[in-house]
Amino acid sequence: MRFGVVGGGIAGLTAAYELLKKGHQVTLFERGANLGGQVATFPVGGSRLECFYHHLFTSDREIVGLIEELGLGDKLRWLPSKVGLLYDGRIYDFTTPLDLLRFQPISLLDRLRLGLVTMYLRRYKQWPKLEPYTAKEWISKYVGRRNYEVVWGPLLRGKFGEHYDKVGMVWFWGKIYLRFASRKGSIFSRELLGYPLGGFGQVIEQLTERIVQLGGTLHPGTPVARIVVGEGRAQGVEVGPGPAP
């Protein structure tokens, strides 16, 4: 079968790669001039840096398996997290429960409440029940307003800007669940985060090379204007003129 993939980020490239391995014909379109999406890189001093910061959790088995399949497994390093929280001009370590107990900007009662609710979310499985709530609503109610104002509120505003109060609680739950899943041993151990030596750009380069080797066709700088639908099914794509800015 013939497939068209819209978007040349890690998801689109991986979809194209998997389809090609199954013997299909694949053409991929990416509106930007470069492939890679949010893991794209730019040149600095004879090397390359990522446009955005990325890491892997130990629970990210699919992408870890892909990296190993691409022959880059020996470059993947798992390093202890070094997360800090800036408050009132001071940086506090914030990676283990002991760090939380030492975090004096909130009361001891609030520290215990924050830790207990975090542990509850770590074991919580019925995430669809959280869909009616925003993270701000749920945290303020169950973790406490002081914990929200000092810990989670500034982090949400820093990540999502003016839309911080519209972030769903399911997203927040997912982050808590992933971070605890990336700890080996007890909850008192540091989480481990994965980084490919040389950056994620080499993963994109190797993945792109495999796609070409398997006969795939890549069209960066080619925006898709619309998907052509006929008889109830997608039949092709209509591309826009020239590279997108």
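**Entry 1**

I looked up E69 and found it partly exposed, with a relative accessible area of 36%. I use buried for under 20% relative accessible area, exposed for over 50%, and partly exposed for values in between (1.4 Å probe, protein chains only). I note that this is a predicted model, in which local features need pLDDT of at least 70 and side-chain atom pairs count only at pLDDT 80 or more, while totals for chains, interfaces and linings use all residues. Residues are numbered from 1 along each chain as its sequence is written, and side-chain values use heavy atoms, with hydrogens and water left out.

Which residue forms a salt bridge with E69? I found K21, with the closest N and O atoms 2.8 Å apart. I count a salt bridge when a side-chain nitrogen of Lys or Arg is within 4 Å of a carboxyl oxygen of Asp or Glu. K21 lies in helix 1 and E69 in helix 2 (residues 61–69), so the pair ties together parts that are 48 residues apart in sequence. Helices (H or I, at least four residues) and strands (E, at least two) are DSSP runs, numbered from the N terminus.

I then followed K21 to E18, whose side chain meets that of K21 in a salt bridge (3.3 Å, N to O). These two are three residues apart in helix 1 (residues 10–21), so about one helical turn separates them. K21 is partly exposed at 39% relative accessible area, and E18 is partly exposed at 32%. I recorded E18, K21 and E69 as linked in a network of salt bridges.

**Entry 1: E238 and R226**

I looked up another charged pair. The side chains of E238 and R226 meet in a salt bridge at 3.0 Å, N to O. E238 is in strand 12 (residues 233–239) and R226 in strand 11 (residues 224–230), 12 residues apart, and the pair links distant parts of the chain. Both residues are partly exposed: E238 has a relative accessible area of 35%, and R226 has 45%. By the rule used here, the count comes to five salt bridges. Side chains of opposite charge can pair when their charged atoms come close.

**Entry 2: a nonpolar patch**

Which residues make the nonpolar surface patch of about 400 Å²? I listed V6, I227, V229, V237 and V239. Strand 11 and strand 12 are the elements that give two or more residues to this patch. V239 is found in strand 12 and is partly exposed at 39% relative accessibility. A patch is made of residues with over 30% relative accessible area and no salt bridge, like charges being joined within 9 Å and nonpolar side chains (Val, Leu, Ile, Met, Phe, Trp, Tyr) within 5 Å. The areas come from the Shrake-Rupley method with a 1.4 Å probe, and for residues only the protein chains shown count as cover.

In what order do the strands of the parallel sheet stand? I read the order as 1-2-10, an open sheet of three strands. Its edge strands are strand 1 (2–6) and strand 10 (217–220), each pairing on one side only. Two strands pair if DSSP finds at least two bridges between them. Four bridges join strand 2 (residues 25–30) to strand 10, and E30 has P220 as its bridge partner in strand 10.

I also traced an open, antiparallel sheet of three strands in the order 5-9-6. Strand 5 (56–57) and strand 6 (76–80) are its edge strands. Two bridges join strand 5 to strand 9 (residues 192–196), where F57 stands opposite L193.

Strand 3 (residues 41–44) and strand 4 (residues 47–50) run antiparallel and are joined by four bridges. F42 has L49 as its bridge partner in strand 4. The hairpin of these strands has two residues between them, and G45 takes a positive phi near 55° there.

**Entry 3: L156**

Is L156 buried or exposed? I found it buried, at 3% relative accessibility. L156 is found in helix 6 (residues 145–160). Leaving aside neighbours within four places in sequence, L156 is in contact (heavy atoms within 4.5 Å) with A135, Y148, G161, Y164, V167 and W171. The C-alpha atoms of L156 and V143, which are 13 residues apart along the chain, are separated by 15 Å.
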